[in-house]
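Please look over the structure below and then read the notes that follow, which are grouped by topic.

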Amino acid sequence: MRFHYDNEKISPEALANLPGNLSLNPTFTINPDLQSLLEGKALLPDEIPHTLEEIQTHYENGHLSYSKGIHLVNTTPQCNRCGNQDHSLFASFPCSRCNEKCTYCRKCIMMGRVSQCKPLIQWDGPSQNTTIDSLQWTGTLSQGQQTASDKVAASIQGNTDLLVWAVCGAGKTEVLFHGIHQALKTGKRVCIATPRTDVILELAPRLRKVFPEAHPIALYGGSDDRHKYSQLVLSTTHQLYRYKEAFDTLIVDEVDAFPYSFDSTLQYAVEKARKPTSSLIYLTATPNSALQRECSRGKRNHVTIPARYHRHPLPVPALQWGGNWKAALEKGKLALPIKKWTEKRITTNKKALIFLPSVKAMDKALPLFQKLHPEIEAVHAEDPERKEKVQRMRDGEIPILLTTTILERGVTIPNIDVAVMGAEEEIFTESALVQIAGRVGRSAAHPTGDITFFHYGKTRSMLKSVHHIKEMNRQGTKRGLIKK
């Protein structure tokens with residue numbers, strides 16, 4: 001499909017003589033599959049599995065519009081899908097479509113190539129949104145959860161922004177239920193976005209049970225739901241590149257997590273996916289220093305939950321000398337403190353996660369741990385069996401699981417101990433260490449557990465993470481949210 005440009009007007013070349021801003025034809029019979037695919041999105045022609053004739057017919061009847069994939073801002077290209085303006089992340093190629101040298105965006109190339117002569121196609125027809133009264137949840141909220149739940153509902157109703165600062169294991173997901181229910185009842189469309197696929201995979205079955213009539217969809221790389229429409233969407237932040245002014249309520253979980261916290265285009269995608277009048281709710285257990293300052297100075301609307309729903313204090317990490325663990329690995333040995341810690345868990349039949357700073361270190365350590373117990377396994381971001389391994393550990397088939405920071409958040413395994421091997425490494429930031437410690441004691445049946453940071457020298461991040469956890473326990477006790 002080739003396109004014609006006339007100032008800011010863009011249209012299929014075959015339709016170049018039609019007037020701009022075609023009015024909506026209310027008697028036109030739309031294709032519901034095309035509507036489900038496009039509503040709230042801005043997609044490339046290659047992403048739309050419908051004929052050119054069908055797309056043109058919907059355009060002629062005012063149900064579709066076209067916008068530039070890339071436009072120039074004072075000779076500098078900007079991608080209208082991901083917002084990229086970094087000149088080094090654009091390139092050019094001889095294009096057979098426009099027969100010219102065409103600039104394209106390299107930043108979001110994994111989502112399909114956006115170039116100067118490729119438009120983004122949007123739905124301008126009627127919305128599928130309807131009122132949905134769907135809440136199948138009979139649980140109760142703690143005092144801290146209830147306060148936050150009321151704030152979330154008020155934010156959604158008033159189309160305002162909110163930061164929910166809740167400790168690991170506070171029950172953030174349950175805090176959202178009432179607000180989401182109110183949004184769906186009033187015909188609003190809701191998205192819960194998170195940087196990590198693992199979190200989406202864990203949340204999806206829970207949300208489908210709680211909001212069955214909303215038929216929530218889960219979007220991530222390779223998802224089977226990518227062509228479906230729902231008023232309740234769970235999505236990785238990367239998938240939001242495809243959305244435009246779609247959601248009345250956008251909830252970003254783990255807002256401090258990589259890559260969202262470091263990637264301005266993902267933050268652009270979140271803003272682009274919101275409707276002009278909407279609410280944006282951030283969830284985090286570890287807000288960065290800028291967010292914390294905004295909260296303390298009253299510049300950001302926020303609510304805190306400094307204690308877990310089961311009213312037990314957060315387990316405080318022990319900082320333990322781990323010796324020169326790297327040198328030990330090079331010699332084919334485990335540092336003695338780490339070895340003894342592991343042997344104790346094996347002897348007492350206690351499940352455990354052991355975090356390592358890199359896949360390289362984990363590959364060296366795994367056979368050494370397997371000498372202690374042959375069923376010890378390892379998992380990392382590129383492991384195709386990572387979901388299955390976590391489930392096998394929940395089922396008691398794996399006694400101890402070695403992991404990179406891929407499991408630092410969004411994963412709950414009851415009754416485990418946790419250790420960090422090489423806690424002094426740069427990858428173990430304050431945020432990462434607080435999240436790792438938050439894997440322990442999450443369930444009411446097992447609210448305690450051991451969390452140990454094995455180090456070859458204490459770091460500021462370690463000390464700050466311990467202070468962070470102790471401060472949350474202090475606030476929780478002060479507000480009467482922790483049992484005495």
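Two aromatic rings of Phe, Tyr or Trp (for Trp, its six-membered ring) are counted as a pair if their centres lie within 6.5 Å, and the pair is called stacked when the planes are under 30 degrees apart, edge-to-face when they are over 60 and tilted for the rest. Ring pairs of this kind link Trp 137, Phe 177 and Phe 211 into a cluster. The model is predicted, so that local features need pLDDT of at least 70 and side-chain atom pairs count only at pLDDT 80 or more, while totals for chains, interfaces and linings use all residues. Residues are numbered from 1 along each chain as its sequence is written, and side-chain values use heavy atoms, with hydrogens and water left out.

**Aromatic pairs**

- The count of aromatic pairs comes to 7.
- One of them is formed by Phe 177 and Phe 211, and this pair is edge-to-face, with 5.9 Å from centre to centre and 80° between the planes.
- Phe 177 lies in helix α4 and Phe 211 in the loop between α5 and β12 (217-219), so the pair ties together parts that are 34 residues apart in sequence; helices (H or I, at least four residues) and strands (E, at least two) are DSSP runs, numbered from the N terminus.
- Phe 177 is buried, with a relative accessible area of 3%, and Phe 211 is buried as well, at 0%; buried means under 20% relative accessible area, exposed over 50% and partly exposed in between, with a 1.4 Å probe and protein chains only.
- The rings of Trp 321 and Tyr 456 have centres 5.3 Å apart and planes at 40°, so this pair is tilted.
- Trp 321 belongs to strand β17 (residues 318-321) and Tyr 456 to the loop between β22 (451-455) and α13 (460-478), so that the pair links distant parts of the chain, 135 residues apart.
- Trp 321 is partly exposed at 49% relative accessibility, and Tyr 456 is partly exposed at 41%.

**Nonpolar cores**

- A nonpolar core is a set of buried Ala, Val, Leu, Ile, Met, Phe, Trp, Tyr and Cys residues joined through side-chain atoms within 4.5 Å.
- The largest core has 61 residues, and those with the most contacts inside it are Val 164, Ile 180, Phe 211 and Leu 407.
- Apart from this core lies another, of 34 residues, among them Phe 90, Phe 247, Leu 266 and Tyr 282.
- When neighbours within four places in sequence are left aside, Ile 180 is in contact (heavy atoms within 4.5 Å) with residues including Ile 156, Phe 211 and Ile 251.

**Phe 247**

- Phe 247 has its place in strand β14 (residues 247-252) and is buried, at 0% relative accessibility.
- Although Phe 247 and Lys 275 are 28 residues apart in sequence, they are 5.5 Å apart in space, C-alpha to C-alpha.

**Positive phi angles**

- Most residues other than glycine have a negative phi.
- His 215, which is not a glycine, has a positive phi of about 50°; His 215 is found in the loop between α5 and β12 and is exposed, at 57% relative accessibility.
- Glu 245 is not a glycine either and has a positive phi of about 50°; Glu 245 lies in the loop between β13 (232-236) and β14 and is partly exposed, at 45% relative accessibility.
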